[in-house]
Amino acid sequence: MARRFWLIVWIAASLIVALDGIPTLAQTKITIGVAAMSPRTIPLFIAQEQGLFSKQAIDARIVLIKGAPILVASLISGDLEVGYTGGTSVLGAAAQGPYLKILSSISSKLTHTMLANPSFKSAEQLRGKRFGIQSMGGTTWMHTILGLEHVGLDVKRDNISILMIGDSVLIGQALESGRVDAAVLDGALARRLINKGFSVIVDLTPFNIPMVNQAVVVAPDFVQKRGELAERILMVLVDSLAFTLAPVNKSIVVRTIMRRLQIDDPKVGEEGYQDLMTSIERKPFPSLEGLRNIRRLMATQNPKAANVKVEDLIDVRLIRKLDENGYMDKVAAGYGLK
């Protein structure tokens with residue numbers, strides 16, 4: 001018995017020495033730029049906090065860059081390896097020359113609500129009225145035009161005034177004060193006004209209107225030069241989306257939302273969680289139709305956009321590979337998702 005005991009000890013010690021001699025996989029350092037904080041950025045922070053980057057031997061630094069144009073310029077210059085931004089900024093850059101590549105999109109539909117002053121109850125009553133946006137040709141303007149198209153309204157034909165107000169918070173305030181009659185908003189801003197009695201003309205979420213809201217973007221030659229790293233980044237993204245969507249992880253996700261978005265009210269944190277659940281995809285394929293929508297609208301303000309080949313802005317090879325080889329479904333199953 002004693003001989004067997006010492007034999008086991010010797011084997012265990014030998015294994016420890018052998019394992020100690022195996023070099024650990026070096027962590028690849030990358031910088032990921034985020035253009036704006038929102039519930040849709042949470043999967044990125046989930047990946048960092050839950051060690052999902054480390055699992056793929058990536059040491060990721062996430063930095064907030066105020067404004068998508070600066071983020072795009074940083075990608076083009078090489079100061080950033082990866083950008084986390086919308087399709088509007090990518091197509092806007094392409095209209096001026098540089099073609100970036102969208103590898104994946106976690107949010108590819110409009111998740112907004114068209115709201116109006118409580119005295120208006122239908123889309124027909126918004127003819128001749130005032131809508132608030134941030135800037136002509138910008139993302140809030142596109143959301144507004146797509147919403148108007150959905151309810152059968154046209155800015156010129158129906159004499160609708162488009163007023164540049166500021167960001168979404170200021171637009172909501174302008175609607176509340178009566179400076180504008182209607183707006184297309186999402187998330188907590190929309191709920192706040194609904195709770196105050198403002199009219200819901202239409203919730204656009206169920207209609208799956210194509211839009212590229214949040215995408216993983218890289219420089220044109222990134223996949224060619226660092227394809228293996230690009231694939232690992234997408235593996236992390238798929239993992240973080242499955243983790244985020246899994247009901248078992250809800251409490252972790254809510255806490256992350258509250259901490260990252262500086263929310264103190266648990267009710268608001270819960271609402272942010274629900275927003276996230278309705279706006280992200282488990283299989284994050286970029287939407288070609290979403291980019292076509294952006295090009296069509298952008299071209300009305302910038303004719304150069306009409307010449308952009310949106311097919312050349314998307315590289316789906318790696319994300320498709322992760323689907324076809326079963327990685328996406330395997331990861332989802334590990335979190336109890338179908």
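This is a predicted model: local features need pLDDT of at least 70, side-chain atom pairs count only at pLDDT 80 or more; totals for chains, interfaces and linings use all residues.
Strand β5, residues 113-116, is covered on both of its faces, with Thr113 and Leu115 buried on one side and Met114 and Ala116 buried on the other; here buried means under 20% relative accessible area, exposed over 50%, and partly exposed in between, with a 1.4 Å probe and protein chains only. Residues are numbered from 1 along each chain as its sequence is written, and side-chain values use heavy atoms, with hydrogens and water left out.

**Strand β5 and its partners**

- Strand β5 runs antiparallel to strand β8, residues 182-185, and four bridges join the two; strands are taken to pair if DSSP finds at least two bridges between them.
- Within this pairing, Leu115 stands opposite Ala183 of β8.
- Strand β5 also pairs with strand β9, residues 199-203, again in the antiparallel sense and over four bridges, and here Ala116 stands opposite Ser199 of β9.

**The protein as a whole**

- The secondary structure comes to 14 helices and ten strands, where helices (H or I, at least four residues) and strands (E, at least two) are DSSP runs numbered from the N terminus.
- Taken along the principal axes, the C-alpha atoms fill a box of roughly 95 × 45 × 30 Å, and 51% of the 338 residues are buried.
- Of the contacts with a separation of 6 or more, 80% are between residues 24 or more positions apart, a contact being heavy atoms within 4.5 Å.
- The accessible surface comes to about 16,300 Å², and carbon and sulfur atoms hold 56% of it; such areas come from the Shrake-Rupley method with a 1.4 Å probe, and for residues only the protein chains shown count as cover.
- There are 39 positive and 31 negative side chains, and the centres of the two sets lie 1 Å apart; Lys and Arg count as positive and Asp and Glu as negative, while His and the chain ends are not counted, and each charge is placed at NZ of Lys, CZ of Arg, CG of Asp or CD of Glu.

- Gln214 lies in strand β10, residues 210-218, and is buried, with a relative accessible area of 7%.
- The side chain of Gln214 reaches the backbone oxygen of Tyr84 at 3.2 Å; a polar contact is a pair of N or O atoms within 3.5 Å, of which, within protein, one must be able to donate a hydrogen and the other to accept it, and residues adjacent in sequence count only if both atoms are side-chain atoms.
- Leaving aside neighbours within four places in sequence, the contacts of Gln214 include Ser38, Arg40, Thr41, Gly86 and Ser104.
- Ser108 lies in strand β4, residues 101-109, and is buried at a relative accessible area of 13%.
- The side chain of Ser108 makes a polar contact of 3.1 Å with the side chain of Ser105, and, leaving aside neighbours within four places in sequence, Ser108 is in contact with residues including Ile209, Pro210, Glu281 and Phe285.

**Helix α10**

- The buried residues of helix α10, residues 250-260, are Val253, Val254, Thr256, Ile257 and Met258.
- Among the elements that cover these buried residues are α2 (42-49), α9 (222-245) and α11 (266-279).
- Helix α10 is followed by Gln262, which has a positive phi near 55°.

**Loop residues**

- Met136 is found in the loop between β6 (130-133) and α6 (139-150), and counts as partly exposed because its relative accessibility is 38%.
- Not counting residues up to four places away in sequence, Met136 touches Trp141, Ile162, Met164 and Gln301.
- Met136 and Asp323 are 187 residues apart in sequence, and their C-alpha atoms are 38 Å apart in space.
- Ala57, in the loop between α3 (52-55) and β2 (58-64), has a positive phi of about 60° although it is not a glycine, and Ala57 counts as buried at 3% relative accessibility.
- Asn159, in the loop between α6 and β7 (161-164), is a residue other than glycine with a positive phi, near 55°, and Asn159 counts as exposed at 56% relative accessibility.
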